[in-house]
Amino acid sequence: LSGSANATMKGIYGVYLLIESLSKHAENCSLTQQRIETAVKYILQNSKIKITEEAHAPLLYIKAVVIKAGDVCTAHTRISLETTLAVDPYKLENSGRFVFYSDERITSGGESSTFGDYTIGYIEEMMKVLVVKHHEDN
């Protein structure tokens, strides 16, 4: 399932956290991988969702693509909870992504020194929505 047809998160309590490497522009726009990780872990610490190293846990994937043109920073951020271990019900050896949750935002403008704050704010907002949906499903 993908797009707006997201699956239930019922029974998911452990996730493997993967934060995609950032571009060289991210640090110039005051966004670091550490800031993203801290924001995500802070939101999750008060939820039933725990970070695990378990190999087959659903993947909580965070991606922030940052570009800088002149003094303008722009970021496309995406959060998804997914697994690629979907079982083919027809046993035809098909495989694919099974998406439990997905959201994305675009941030643009502002000063380079404060741009990261806006982007982190959007990441935190998306994580809060994920946690609320998880709570509703469980």
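Predicted model: local features only at pLDDT ≥ 70, side-chain atom pairs only at ≥ 80, totals over all residues.
A disulfide is a pair of cysteine sulfur atoms within 2.5 Å.

**Entry 1: the disulfide**

How many disulfides does the rule give? I get one. Cys29 and Cys73 are the partners, with their sulfurs 2.0 Å apart, and that is within the 2.5 Å cut-off. Next I looked at where the two ends sit. Cys29 is in the loop between α1 (24-28) and α2 (33-44), while Cys73 belongs to strand β4. They are 44 residues apart, so I noted that the bond ties together distant parts of the chain.

**Entry 2: Arg78**

I stayed on strand β4, which covers residues 72-83, and picked Arg78 in it. Is Arg78 buried or exposed? Its relative accessibility is 16%, so I count Arg78 as buried; the cut-off for that is under 20%.

Then I asked what Arg78 touches. Leaving out residues up to four places away in sequence, I listed Tyr61, Ile62, Lys63, Arg97, Ser102, Asp103 and Glu104.

Last, I looked up a side-chain pairing. The side chains of Arg78 and Ser80 are joined by a polar contact of 3.4 Å.

Technical notes:
Residues numbered from 1 in each chain as written. Heavy atoms only, no water. Helix = DSSP H or I, 4+ residues; strand = E, 2+ residues; numbered from the N terminus. Buried < 20%, exposed > 50% of the residue type's maximum accessible area, 1.4 Å probe, protein only. Polar contact = N/O pair within 3.5 Å; in protein donor to acceptor, adjacent residues only side chain to side chain. Contact = heavy atoms within 4.5 Å.
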